[in-house]
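Please read them with the structure open.

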Amino acid sequence: MKRYGLIGYPLSHSFSKQYFEEKFKKENLTDCRYENFPLQSLDELPGLLEDKYELRGFNVTIPYKEKILSRLDHMDENSHDIGAVNTVKISRNQGKLFLKGYNTDSHGFYASLLPFLNKPITDALILGTGGASKAVACVLKKLGISCLFVSRHPVKSDHISYSDVCGPVLYHSHLIINTTPIGMYPDTEACPDIPYEFITAKHLLFDLIYNPSETKFLVRGKEMGARVVNGMEMLRLQAEKAWEIWNDDQE
Ligand code: NAP
């Protein structure tokens with residue numbers, strides 16, 4: 001049996017288990033299983049790995065995407081640059097475990113953004129400064145797009161507050177990415193506090209949220225003529241990239 005899974009806490013609304021169970025069924029991968037492992041602390045990880053000796057890899061979600069770094073033997077360059085890991089590959093050599101970390105959120109974001117970059121974009125606003133914002137910023141930097149973070153507590157030179165997001169800021173930043181949980185089910189009437197009246201047909205609004213498929217943030221952007229993208233394709237692509245890593249003998 002080939003086992004995979006997800007660590008995080010809590011895991012009640014996890015997408016990954018459902019996604020991989022459907023994939024195994026569709027592709028007739030009868031020897032594969034994907035399980036949720038809710039860990040109240042990362043100190044429970046060594047015991048889990050000992051217990052689940054058939055585990056080949058796992059995904060990592062909130063609150064461990066950054067905390068997992070200290071438990072890894074190695075990280076690929078991309079996850080090192082981002083400073084967060086959402087995929088771990090497990091190798092075993094004569095009973096000794098080797099854990100390597102990757103960040104597939106950045107791949108998912110990059111590949112789902114790419115079809116929308118037919119119109120050149122130079123400046124982006126990233127709403128939120130959590131783990132996902134770091135993967136987003138790393139991708140945008142590699143694409144040569146300048147980023148400004150919008151935070152409730154702006155502390156760095158490239159951070160501004162929501163009250164600083166005004167007409168001139170939106171005039172320059174044609175890409176706005178919501179990496180906050182605002183507007184996520186069940187709080188679907190909420191949206192980030194930005195002046196939507198300055199959004200135009202030149203703007204592209206990307207919401208990492210996938211439930212609901214159209215958040216209030218996207219609805220309000222669309223009303224102003226902007227192009228909009230939700231987080232569903234990103235989610236699917238990051239999961240497929242993790243699968244590729246777990247099953248690539250060269251990784
Ligand atoms: P996180 O580490 O908890 O960070 C979210 C950030 O949003 C926080 O650091 C905070 O930034 C801001 N924030 C949180 N609550 C807020 C509130 N009530 N009002 C305003 N700002 C708030 O979470 P994450 O891992 O980065 O994930 C963020 C979102 O992206 C989640 O909804 C997650 O489901 C989604 N996501 C989607 C995908 C995908 O594949 N589609 C992948 C990863 C994540 P400040 O403190 O600076 O304001």
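This is a predicted model: local features need pLDDT of at least 70, side-chain atom pairs count only at pLDDT 80 or more; totals for chains, interfaces and linings use all residues.

1. Residues are numbered from 1 along each chain as its sequence is written, and side-chain values use heavy atoms, with hydrogens and water left out.

2. Most residues other than glycine have a negative phi, and most peptide bonds are trans. Asparagine 28 is not a glycine, yet has a positive phi of about 55 degrees. Asparagine 28 is placed in the loop between α1 and β2 (32–38).

3. Two cis peptide bonds deserve a look. One joins isoleucine 62 and proline 63, with omega about 10 degrees. Proline 63 is in the loop between β3 and β4 (74–75). The other runs from asparagine 211 to proline 212, with omega near 5 degrees. Proline 212 belongs to the loop between β11 (204–207) and α7 (216–223).

4. Next, the largest pocket. A pocket is an open set of points on a 1 Å grid over the protein atoms alone, where a 1.4 Å probe fits, with protein on both sides within 12 Å along at least five of seven lines; lining residues have an atom within 4 Å of a point. The volume of the largest pocket is about 1600 Å³, taken as the space filled by probe spheres set on the points, which are joined across faces, edges and corners. It has 48 lining residues, and Thr61, Ile62, Lys65, Met184 and Tyr210 are the closest to its centre. Two or more lining residues come from each of α1 (16–26), β3 (55–60), α5 and α8.

5. Where is the ligand? The ligand sits in the largest pocket; the criterion is more than half of its atoms within 2 Å of the grid points. The elements giving two or more residues to the ligand shell are α5 (131–142) and α8 (232–246).

6. Now the contacts. A polar contact is a pair of N or O atoms within 3.5 Å; within protein, one must be able to donate a hydrogen and the other to accept it, and residues adjacent in sequence count only if both atoms are side-chain atoms. A polar side-chain atom of serine 151 lies 2.5 Å from a ligand oxygen. For a side-chain N or O atom of arginine 152, the distance to a ligand oxygen is 3.0 Å. Leucine 235 places a backbone N or O atom 3.4 Å from a ligand oxygen.

Notes. Helices (H or I, at least four residues) and strands (E, at least two) are DSSP runs, numbered from the N terminus.
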